[in-house]
Amino acid sequence: MRGSKRRPMRRHMRRAGIRTGLRWKLSAAIALVGALVAIALSLVVHNAARVSMLDNARDLADERLQIAQRNYDLFGRPNFPSIDVDDPGLPPALREKAEEGRRATYVTDHGGVPDIWAAVPVKGGHILSLHTRFTDRSTNVMKDLDQALVIGSIAVVLGGSALGVLIGGQLSGRLRKAASAANQVAKGEPDVRVRDAIGGVVRDETDDLARAVDAMADALQQRLEAERRVTADIAHELRTPVTGLLTAAELLPPGRPTELVLDRAKAMRTLVEDVLEVARLDGASERAELQDIMLGEFVSRRVAAKDPAVAVHVVHESEVTTDPRRLERVLFNLLANAARHGRPPIEVIVEGRVIRVRDHGPGFPEELLAEGPSRFRTGSKDRAGQGHGLGLTIAAGQARVLGARLTFRNVRPAGAPPHVPAEGAVAVLWLPEHAPTNTGSYPILP
């Protein structure tokens, strides 16, 4: 599964970004829209109220001016409060209207407070005018209105944010449940369905997505099951002729040609057995037969029988409940991979429930570290004499049956960049603390 000179053809680029949840995005969007709408409505209401009050003030000034005009026509002098004749401070625009013989009103701004003017021509060529300021009561009404608009706008933004958090939280929760269920399906749990996981009574686009994912998972499961059956059937059909070929080769007279035929026949038989084992592991029908063993003692005895040159270090002994046959299969496959693709010395370290197999070769290829073991991929450009890529695949499958976790990493000097060649490879088997009963395994009765 390793190559000594192969380098990955592409680098995994990590895009830096700020990760935010859907509920906060939705809440921010609703709050922003609410704030914009509240500001727009506040401006409209403020201007409408101001214009209405100014119109009322102008109408009132016009009515008072008419009363003052009638009194002036009767008595020849102004006898009404705030009434002047030929006021020099009369705005020019209003004076022009009066000189044209028209009664008119005019608004000016004096220090931010509106001034109300009204003027009308009277006999003798004079201009009768009225000058009043915007009342304090009206100013207070506008201030109260502005304060109410600000409070209302803040309430709208906060309410919209709370509504966004509520709606976004429900939608985000459904999506998180869907993602969790999809991850379980990706990990090989065929009975999990995304639509059942998200639940809920209301039907929306999330349900459509869940149904699509479930349909895709069913289609992939059927295709994988069909491929597994075809692979198993082919390997099963090949077992008989390969066994006959090996038996016939053993009857050939001794010599170099016979050795070559026997070697290739044995390699073919090993390949067929490995393919059958991979097919069984893919079918998720394998069950562990559990026993209580002392892990350090077990590994020491098995490794010594397999290859006495491999050093075993038991840092901490531990009693575990596992399947000895499958554990031995995983251990031997890791040792075979280290012997084939690594360099000595090969070390096995047992620490509690953890088994580490290390060599001092060129390390695992980047594809294996990123994606895990893959069948018929050796990580070497020249596959001759490099195996079929099934060893680590079988080891990972047997580890799953044991409820264990198998990880891979390369050993590099501290602080060394990724392009620096590795100083060895380490495969780590993490045995579970409890017996893997969740996989359907059963203990062997004494």
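Reader: Where is P345 found in this model, and what makes the peptide bond between P344 and P345 a cis one?

Author: In this predicted model, P345 is found in the loop between α8 (324-341) and β8 (347-351). As for the bond joining P344 and P345, omega is about 0 degrees, and that makes it cis.

Reader: Happy with that. How do you know that the end-to-end span of helix α7 agrees with what its residues should give?

Author: Helix α7 covers residues 295-306, which is twelve residues, and at 1.5 Å a residue they should span 16 Å. The C-alpha atoms at its ends are 16 Å apart, so the two values agree.

Reader: Which residues of α7 are called buried, and why do they line one face of the helix?

Author: Buried means under 20% relative accessible area, and in α7 the residues that qualify are L295, G296, F298, V299 and V303. Looking down the axis of α7, these buried residues fall within an arc of 160 degrees, so they line one face. An α-helix has 3.6 residues a turn, so residues three or four places apart point the same way.

Reader: And what covers them?

Author: The cover over the buried residues of α7 includes β5 (289-294), β6 (311-316), β7 (319-322), α8, β8 and β9 (354-359).

Reader: Good. What makes strand β11 mostly covered, and which strands pair with it?

Author: Of the six residues in β11 (425-430), five are buried, hence "mostly covered". β9 pairs with β11 in the antiparallel sense over six bridges, with D359 opposite A425. Strand β10 (residues 405-410) also pairs with β11 in the antiparallel sense, over six bridges; there R405 has W430 as its bridge partner.

Notes
Residues are numbered from 1 along each chain as its sequence is written. This is a predicted model: local features need pLDDT of at least 70, side-chain atom pairs count only at pLDDT 80 or more; totals for chains, interfaces and linings use all residues. Side-chain values use heavy atoms; hydrogens and water are left out. Helices (H or I, at least four residues) and strands (E, at least two) are DSSP runs, numbered from the N terminus. The expected span of a helix is 1.5 Å times one less than its number of residues. Buried means under 20% relative accessible area, exposed over 50%, partly exposed in between (1.4 Å probe, protein chains only). The arc is that of the directions from the helix axis to the C-beta atoms. Contact means heavy atoms within 4.5 Å. Two strands pair if DSSP finds at least two bridges between them.
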